[in-house]
Amino acid sequence: MRSEYRRSERRACGLAGMGRSSCRYRARRREDPKLRERLRELAGERRRFGYRRLTVMLGREGWRVNHKRVYRLYCEEGLAVRRRQRKRLKAEARRPLARPRQANQLWTMDFTHDNLASGRKLRTLNLMDGYTRESPRIEVDTSLPGLRVVRVLEEVVRERGYPQAIQVDNGPEFISRVVDQWAFEHGVELHFIEPGKPTQNAFIESFNGKFRDECLNENWFLSLPEARGKIEMWRRDYNQVRPHSALGYQTPEEFTAAARGASPPHTPRPPNPGVDFNPGTHTMIGPKNGGRSFPSHLREVS
């Protein structure tokens with residue numbers, strides 16, 4: 001009986017034009033239970049990381065795996081993060097955001113909001129370098145007026161030097177006379193996006209999304225000091241550990257260290273001598289006004 005089966009098998013292989021060894025081959029996957037366990041541990045620690053970033057994290061630990069293998073295990077373990085469906089909007093022509101070419105060329109900052117466990121409001125001022133994607137500061141408090149914004153900028157400037165420009169929205173803290181005067185005195189340009197167009201400030205909006213998804217939504221803050229501590233831990237993790245896809249899956253600190261010697265620091269432009277401070281004009285970007293400037297003394301004061 002067995003000999004007849006082998007003869008029929010040989011005939012089938014001959015008709016198909018393939019070798020007997022190929023016809024009878026059965027794939028045997030070499031699964032490493034330690035790899036699967038480590039992938040689950042990493043996904044539990046970094047619940048908002050996708051399989052690509054988890055592949056980078058595994059590679060740093062010495063695992064010799066590619067993204068296809070990690071993706072298969074990622075799906076089998078049910079580790080995929082559910083994404084929210086975004087509202088479809090009508091597509092319109094937009095001017096692309098100019099990409100900075102060196103560190104300290106363009107800073108960008110914005111506010112985010114959250115609540116403490118008691119229900120008290122919490123605000124954060126997020127500051128980021130548009131070239132290195134590094135976040136030098138996240139200021140946390142219940143109130144962050146224009147004076148506080150200037151104080152934070154001065155503290156960061158002592159470590160990094162003055163930027164060439166800062167891109168912001170039209171919030172009352174950013175259009176205040178205090179911030180306007182600080183920018184004028186130190187030769188820093190303020191670029192204001194078009195009202196209601198947050199995509200024109202895409203760098204900080206992308207950072208805000210990661211910050212909310214991986215920090216604010218993952219933590220429960222009982223007090224303001226606890227919020228400051230956890231947010232500062234996340235900021236350091238973002239700069240030193242988290243791989244960034246726009247930087248070739250390097251961390252912002254690794255990318256900054258590589259680019260530090262490539263570009264000279266920005267020297268602030270002094271104001272005109274003998275001229276008293278009078279709020280000047282700052283650029284307002286956007287397709288509707290063609291990049292026109294407007295007098296800052298007409299802006300709202302906080």
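Me: What makes β2 and β3 a pair?

Reply: This is a predicted model. In it, five bridges join β2, residues 121–129, to β3. Pairing requires at least two bridges, so the two strands count as paired. They run antiparallel. Within this pair, Leu125 stands opposite Glu139 of β3.

Me: Where does that pair sit in the sheet, and what is the strand order?

Reply: The order is β3-β2-β1-β4-β5. The sheet is open, with five strands and mixed pairing.

Me: Why are β3 and β5 called edge strands?

Reply: Each has a single partner strand, so one side of each lacks a neighbour in the sheet. That holds for β3 at 137–141 and β5 at 189–192. Neighbouring strands here are turned by 20° against each other on average, direction ignored.

Me: What makes α9 a helix that packs on the sheet?

Reply: Helix α9, residues 224–240, touches β2 and β3. Touching takes heavy atoms within 4.5 Å. The direction of α9 makes about 165° with that of β3.

Me: How do you know which elements the predictor trusts, by mean pLDDT?

Reply: pLDDT is the predictor's confidence, on a scale from 0 to 100. Among the elements, β3 has the highest mean, 95. Strand β7, residues 293–295, has the lowest, 40. The protein averages 79, and 72% of the residues score at least 70.

Me: Which stretches have pLDDT under 50, and what follows?

Reply: Residues 89–95 are one of them, with four contacts beyond four places in sequence. Residues 263–302 are also below 50, yet this stretch has 79 contacts beyond near neighbours in sequence. Where pLDDT is low, predicted coordinates should not be read in detail.

Key
Residues are numbered from 1 along each chain as its sequence is written. This is a predicted model: local features need pLDDT of at least 70, side-chain atom pairs count only at pLDDT 80 or more; totals for chains, interfaces and linings use all residues. Side-chain values use heavy atoms; hydrogens and water are left out. Helices (H or I, at least four residues) and strands (E, at least two) are DSSP runs, numbered from the N terminus. Axes are lines fitted to C-alpha atoms, for helices over the stretch in contact, and angles run from 0 to 180 degrees between N-to-C directions.
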